[in-house]
Amino acid sequence: MTAAFPPIDRDKSPLFDADHDPVRVADALRRSPHFAAADADPGGDTVWFTTEAGINYTLTFKEAEPTDDDLLTEPVLTEAIAAAILTHPGFVIADADSPREDTITIQSRNLVRHLLVLDVDRGNALAPEDLSTPAVDVALAADKLLASDPSDSERATAELLNYVAATWDKQDLPLREHAQAVARTLRTQ
């Protein structure tokens, strides 16, 4: 007699999926104070992000072997990117400038290695208004909470976060940072 096992519910599975690594990298960059926006195409191999100075970059996922591409002629932020990636629980290694100045070698918790190649994005595939911003991230976390049958206190928190996100430019920096911290806490629960 053979036992039939139920199918795996990927949304509830504790196993990490390598196809979601670009989304995780974008999430890590959005959480970092060094980047204004970050986004990834789910199932794709590219992460788009914008620095606080307004410069757009792309990270392209490749196999973890070094390539012979030319080095970038412009300064890059590989150390800050690697540090942001390491804050995400899905990654255990982020080695900046390895094997070249414009690359980062990362390894996910399930031992999948990637070589990220950094390049200045001369024309985003996504329009700047489509990139995620801190206000959009705060509003998204609030909306997800509202969609989950929240308690009265959770509803009040979500409504306050939506208000802060809607009036983002009028809020002072400490309130924005606090709203982002609350939104991050909601995402991890």
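User: How many bridges join E2 to strand E3, and which way do the two run?
Analyst: In this predicted model, 5 bridges join E2 to strand E3 (residues 56-62), and the two run antiparallel. Strands are DSSP runs of E with at least two residues, helices are runs of H or I with at least four, and both are numbered from the N terminus; two strands pair if DSSP finds at least two bridges between them.

User: Ok, which residue is the bridge partner of Thr 50 in E3?
Analyst: That partner is Asn 56.

User: And what joins E1 to E2?
Analyst: Strand E1 (residues 35-40) is joined to E2 by 5 bridges, and these strands run antiparallel, with Phe 35 standing opposite Thr 51 in E2. Their hairpin has 5 residues between the strands, and in it Gly 43 takes a positive phi near 85 degrees.

User: Is E2 buried or exposed?
Analyst: In strand E2 (residues 46-51), 6 of the 6 residues are buried, so E2 is largely enclosed by the rest of the structure. Buried means under 20% relative accessible area, exposed means over 50%, and partly exposed lies in between (1.4 Å probe, protein chains only). Thr 46, Trp 48 and Thr 50 are buried on one side, and Val 47, Phe 49 and Thr 51 are buried on the other.

User: Switching to helices, at what angle do H1 and H2 pack?
Analyst: Helix H1 (residues 21-31) and helix H2 (residues 78-86) pack at about 105 degrees, with their axes 8 Å apart. They are therefore roughly perpendicular to each other, a label for angles of 65 to 115 degrees. Val 25, Ala 28 and Leu 29 of H1 make the contact with Ile 81, Ala 84 and Ile 85 of H2, where contact means heavy atoms within 4.5 Å.

User: How many of the residues in H1 are buried?
Analyst: H1 is mostly covered, with 9 of its 11 residues buried, including Val 25, Ala 28 and Leu 29.

User: What about H3 and H4, how are they arranged?
Analyst: Helix H3 (residues 134-146) and helix H4 (residues 152-166) pack at an angle of about 155 degrees, with their axes 8 Å apart. H3 and H4 are therefore roughly antiparallel to each other, the label for angles over 145 degrees.

Note on methods. Residues are numbered from 1 along each chain as its sequence is written. This is a predicted model: local features need pLDDT of at least 70, side-chain atom pairs count only at pLDDT 80 or more; totals for chains, interfaces and linings use all residues. Side-chain values use heavy atoms; hydrogens and water are left out. Axes are lines fitted to C-alpha atoms, for helices over the stretch in contact, and angles run from 0 to 180 degrees between N-to-C directions. Angles under 35 degrees count as roughly parallel, over 145 as roughly antiparallel, 65 to 115 as roughly perpendicular and the rest as oblique.
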